[in-house]
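Here are my notes for you, written as a few numbered points. Keep the viewer open while you read, and find each part as it comes up.

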Amino acid sequence: MSTDDVIRFEDVNKWFGTFHVLQNISLSVKSGEKIVICGPSGSGKSTVIRCVNQLETHQMGRILVNGREVHEDMKGLEQVRAEIGMVFQSFNLYPHLSVVENLTLAQIWVHKRPRKEAEERAHHFLKRVHIEEQARKFPGQLSGGQQQRVAIARALCANPQIMLFDEPTSALDPEMIKEVLDVMVELAEDGMTMVCVTHEMAFARKVANRVIFMDQGQIVEEASPEEFFNAPKTDRARLFLSQVL
Ligand code: ADP
Ligand code: MG
């Protein structure tokens, strides 16, 4: 195994009851790589993402994060999770807490940082997602795009080595998609290791080192963006691209 794989799936299989949702999934992500996962709804993309930090458990095969095998009853799962930032389609902010409190809560209670340090860190990352002026507002007072940028800043406060994105712009109005993608592009340019489930193909072309196309629980194609978009190898990928481009 290559030592610089930060995420590695080896023949991972998962079932929901009798439904074989992930079928022999093998993939590796190196430090600094940006991977885009795309594919039709129900193909298993979210399940792959959620298996990385064991929000979903797999039944066969191995998943390694920074060289450690992860499974549901492993020791140190919390430590692994702390290395991984996750951003979902729904922003999952605490509505009764201000923006800055959303960013300091886990820092203070999970990472045991002093409040002042946590707040400085919160402001640093709010600045990085270009939303520092909203720090005292509540999530309900922000647009969807602003809330998603807060969610990204909150994930960054934990100092993750890997960022996982699961359709971060799918719930947004069209005019807000760009502001979120711009932040993700900046993060990519800063060298963050990123795995992004997204149908934003312009984003994929711009930042992805590799595109992984899934269908019905399998990885059907894995290619550079140029190859994937210009010369998809399978009918399934061609059909998918004709629907999203
Ligand atoms: P995608 O993100 O590509 O749309 P998912 O990974 O969310 O796909 O889901 C893949 C398949 O697994 C879908 O058919 C979905 O209905 C099913 N599925 C997802 N979560 C569960 C669950 N908790 N229990 C049973 N089936 C599930
Ligand atoms: Mg999904």
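**Ligand shell and sheet**

1. H1 brings the largest share, three residues. Bear in mind that this is a predicted model.

2. Who is in that shell? You'll find Phe16, Phe19, Val21, Pro40, Ser41, Gly42, Ser43, Gly44, Lys45, Ser46 and Thr47. Sorted by class, that makes four nonpolar, six polar and one charged residues.

3. Now look at the oxygen atoms of ligand 1. One is 2.7 Å from a backbone N or O atom of Gly42, and a backbone N or O atom of Ser43 lies 3.1 Å from an oxygen of the ligand. Ser46 takes part through its side chain, with an N or O atom 2.8 Å from a ligand oxygen. On its own ligand 1 would expose 560 Å², and the protein buries 58% of that.

4. Next, the sheet. It is open, with six strands in the order S6-S7-S8-S3-S9-S10 and mixed pairing. Strand S6 (84-87) and strand S10 (218-223) are the edges, each pairing on one side only. From one strand to the next, the twist averages 15°.

5. Zoom in on S9 (residues 210-215) and S10: they run antiparallel and are joined by five bridges. Here Phe213 sits opposite Glu221 of S10.

How values were computed
Residues numbered from 1 in each chain as written. Chains lettered and ligands numbered in written order. Predicted model: local features only at pLDDT ≥ 70, side-chain atom pairs only at ≥ 80, totals over all residues. Heavy atoms only, no water. Near = heavy atom within 4 Å. Polar contact = N/O pair within 3.5 Å; in protein donor to acceptor, adjacent residues only side chain to side chain. Areas by Shrake-Rupley, 256 points an atom, 1.4 Å probe, with all protein chains shown as cover. Helix = DSSP H or I, 4+ residues; strand = E, 2+ residues; numbered from the N terminus. Nonpolar A, V, L, I, M, F, W, Y, C, P; charged D, E, K, R; others polar. Pairing = 2+ DSSP bridges. Axes fitted to C-alpha atoms, helices over the stretch in contact; angles between N-to-C directions.
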